[in-house]
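What follows is a walk through one model, from the whole chain down to a single site. Please keep the structure open while reading.

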Amino acid sequence: MGTLMTLSPELGYCLLIGLGACLLAIALVVKKLVHDTGDFIVAGRRVGFGFGVGSIIAVWTWSMAVMMSSAQAFSFGTSGLLWFVVPNGLAVMLMIPFAVLLRRRMPEGYTIVEFIRKRFDNPLVASLMLVVMIAMIICEILINLFGIVLVMDVVFGLPATAVLVVALIVVTVYSYFGGIWTSAITGALCTLGTTVPAALVVLYVLGKAGGAEAVFSKVGDADPQNLEPFAPAAAVSFGITLALGLLASTMADQTFWQKAWSMKPKTMARTFLWAGLWFYPIPLTLGLLGLVGISMGVSADDLGANGAGAIGPYVVTHMGLPVIIIVLYVMIILQACYSTVDGAFSALSSLVATDIVRRRWPSMSDRNLLKITKASIVAGGIIGGVVVLASSDYITTVNTIYFFKASLIVPLGAAIFWRRMNAWAFILGVLVSAAVGFYVRETVNELAGTATLIGLSILIVVTVSLMTKTNYDFSRLDKGGDRLAAGESEDLIGSSASEAQS
């Protein structure tokens, strides 16, 4: 299995802080683009194709893409890699019809919660959606903090608490400046810093392992099912649930809706298309590390408490690779996690500004609104860090979060496309399907739980909606759009949005 390459803890801290310092330098320059809260959370709706594609890939290339792809390949062979990679890119591209339609109907929107509030005019539905969206953003933060803690533990032996504190301070500081502009620009740069190094690392690993042919031969010798791309085990264990959860992660995630409302309308559809396509090489490439792990004879006991999620870091530190290759791999993980946490912070700030502070204190000055909006970034980081310390199994945490996300697919999709959809159909479609589906998941299996969740969600949404005479007029979404800033700033944001649309 090779000899462990021990790297100094000091090098680990240097990488954590050094990457953050570089991103902070960029953020301080980007800061000049932010003049009010509208700029901070939707960038004046001026994000173009290039930064749009890069920023979407960056927030989608989180610890899952760079570590869980390896984990599922290690656990299920090529079928695990297939079930993980294919739905990931599709989830981004399937965002197109939802984003295009809702942006057309609500051109000056800020958040998906704002849409739900206007769509149903029901405080209970809006409150439910707000709680769910904030919870999902906290989950994104914790998943990526979990990834940082894991890789820094395996490679450098750094304690979890110290890594969390350093990483949170680093990301929070540079995220604090610039908002969505910082997220878009640093995210695009992180995308470049992830794709090319990933190819170099994996090519070097394959070479060290004797070449791709030797790796696949050993993988097949370990278990012939490892080379069956359509083996059912992966689909039943995680594939179908993950695929549905991934769709919900784009369609029902404020991180992506914030991107949609900040982009230039003419380029939005192809931005999501190209982001989905260009994303594929990242998890596909890094997923091969899981197959290399099988060929090396790595066992679950070797990975310890971190589980299969640690297979990528384990492989690169047990093959006698040059230090620079190991450092490149760590930088890939850090960039992926930093950019996603940054995007989650930005999405959280948009929810706080639009759906909490402005709703509660409509006459608050834009200066104070911006201060509170930025403060929410700090609060979100602290909450995410506390939850990470309370979690123990990376893969279980990810799969559970994605299961609950799937409960939003049918209700939210119906709210966007179907006039008959009503408030109680949304509430019951989310809560009942999630509760019953989770019970079946825990008592039967993952596939049965997912089938129950989706089937029950469809049944509830259709039945409850048809029981009423609701026939919503979507043109109402574009009437008297919400403004973030009071007084003169309100006019500024409104005019900026109108100019962007034209």
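Of the 502 residues in the chain, 61% count as buried. The model is predicted, and its secondary structure comes to 24 helices and 0 strands. The C-alpha atoms fill a box of roughly 65 × 50 × 40 Å along the principal axes. A compact globule with 502 residues would have a radius of gyration near 23 Å, and the chain, at 22 Å, agrees with that.

The contacts within the chain can be sorted by sequence separation. Among those between residues at least 6 apart in sequence, 87% join residues at least 24 apart. The charged side chains number 30 positive and 28 negative, with the centres of the two sets 11 Å apart.

D355 is found in helix α18, which covers residues 323–360. Is D355 buried or exposed? Its relative accessible area is 8%, so D355 is buried, the cut-off being under 20%.

Leaving aside residues up to four places away in sequence, D355 touches T111, V113, E114, R117, L130 and S350. T111 is 244 residues from D355 in sequence, yet the C-alpha atoms of the two are 8.0 Å apart in space. Two further neighbours face the side chain of D355 with polar atoms. With the side chain of R117, the side chain of D355 makes a polar contact at 2.8 Å. From E114, the backbone nitrogen lies 3.5 Å from a polar atom of the D355 side chain.

How values were computed: Residues are numbered from 1 along each chain as its sequence is written. This is a predicted model: local features need pLDDT of at least 70, side-chain atom pairs count only at pLDDT 80 or more; totals for chains, interfaces and linings use all residues. Side-chain values use heavy atoms; hydrogens and water are left out. Helices (H or I, at least four residues) and strands (E, at least two) are DSSP runs, numbered from the N terminus. Buried means under 20% relative accessible area, exposed over 50%, partly exposed in between (1.4 Å probe, protein chains only). Contact means heavy atoms within 4.5 Å. A polar contact is a pair of N or O atoms within 3.5 Å; within protein, one must be able to donate a hydrogen and the other to accept it, and residues adjacent in sequence count only if both atoms are side-chain atoms. The radius of gyration is taken over C-alpha atoms; the globule rule is 2.2 Å times the number of residues to the power 0.38. Lys and Arg count as positive and Asp and Glu as negative; His and the chain ends are not counted. The place of a charge is taken as NZ of Lys, CZ of Arg, CG of Asp or CD of Glu.
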